Amino acid sequence: MKRIAFITSSEDPNLVDDDRLAIPFLEKRGLSVEALVWDRPNNFSRYDALIFRSCWNYHHKLGEFQSWLEGLRKLQIPILNSLDTVEWNLNKKHILELAVHVPRTEYIEMKTIISKRDLSLILSQISDGPVVLKPAVSLNGNDTFLMNGLDPIHEKLSLLLKSRDMLIQEFIPEIKTSGEVSLVFFNRVFSHAIRKMASENEFRIHAEYGGTRNSVQASHSSLDYSERILKDLPMKLLYARVDLVETPRGPRLIELEL
């Protein structure tokens with residue numbers, strides 16, 4: 001029986017519920033699945049392949065995680081998705097490289113000293129209403145804010161830029177009414193979709209902020225949009241999740257999770 005490792009973190013050393021659901025399915029097909037905690041000492045010799053799953057603390061240990069990824073390059077075993085794919089996907093600025101409609105977005109590197117004048121120009125090009133500030137490397141809505149007004153945005157952005165790259169992004173209001181739809185693909189073949197809804201008086205759809213999620217049938221426009229994104233990516237993809245918001249102007253990509 002071939003042995004594969006689901007890469008997880010010390011916060012979920014026994015894997016998350018989603019991953020445990022897959023184990024009986026894979027065992028019936030001759031695959032033994034074990035948890036491999038990335039931020040603990042590892043023994044790779046017993047595995048035939050590694051699969052990235054639940055490394056959901058990497059944004060708090062980014063330098064350590066990137067060094068760990070570099071160490072994986074020395075292994076002579078399959079790693080899925082590939083290291084190049086994972087490293088490209090770590091920073092959310094990747095959405096700016098995709099040939100689809102996305103929310104108007106400005107990427108600003110860490111340590112940038114931004115004046116109110118420059119920020120005012122950026123905001124005028126993004127939105128005349130509220131904008132979203134979020135770290136370029138983050139997850140679960142961590143340090144993500146919906147803000148309005150030059151002075152408070154400048155104060156918050158200047159503080160966050162001291163320690164991380166940041167995105168200023170157009171706020172898509174439909175996320176409050178229609179939520180976010182996640183379309184999941186295996187080997188670029190569509191599997192299923194989930195609608196994530198924010199709680200009242202919240203814009204973040206994550207469970208940590210009271211968000212809920214339910215199965216949903218993907219619309220033709222969202223499926224076409226997602227397939228177009230994946231078609232243009234040059235890498236092999238065991239797994240992909242396209243997070244988008246459906247608007248009257250068509251879908252808008254929020255995040256591509258590889």
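User: Angles under 35 degrees count as roughly parallel, over 145 as roughly antiparallel, 65 to 115 as roughly perpendicular and the rest as oblique. How do helix 4 and helix 5 lie to each other?

Analyst: This is a predicted model, where local features need pLDDT of at least 70, side-chain atom pairs count only at pLDDT 80 or more, and totals for chains, interfaces and linings use all residues. Residues are numbered from 1 along each chain as its sequence is written, and side-chain values use heavy atoms, leaving out hydrogens and water. Helix 4 covers residues 116-126 and helix 5 covers residues 150-160. Their packing angle is about 110°, so the two helices are roughly perpendicular. Their axes lie 10 Å apart.

User: Which residues of helix 4 and helix 5 meet?

Analyst: Helix 4 brings Lys116, Leu119, Ser120 and Leu123. Helix 5 brings Leu150, Asp151, Ile153, His154 and Leu157. Contact here is heavy atoms within 4.5 Å.

User: How many in that contact of helix 4 with helix 5 are nonpolar, polar or charged?

Analyst: Five are nonpolar, two polar and two charged.

User: New topic. Where is the cis peptide bond?

Analyst: Leu80 and Asn81 are joined by that bond, with omega at about -15°. Asn81 sits in the loop between strand 4 (79-80) and helix 3 (83-89). Helices (H or I, at least four residues) and strands (E, at least two) are DSSP runs, numbered from the N terminus.

User: And Lys111, is its phi positive or negative?

Analyst: Positive, at about 80°, although Lys111 is not a glycine.

User: Where does Lys111 sit?

Analyst: In the loop that runs between strand 5 (105-108) and helix 4.

Key:
Axes are lines fitted to C-alpha atoms, for helices over the stretch in contact, and angles run from 0 to 180 degrees between N-to-C directions. Ala, Val, Leu, Ile, Met, Phe, Trp, Tyr, Cys and Pro count as nonpolar, Asp, Glu, Lys and Arg as charged, and the others, Gly among them, as polar.
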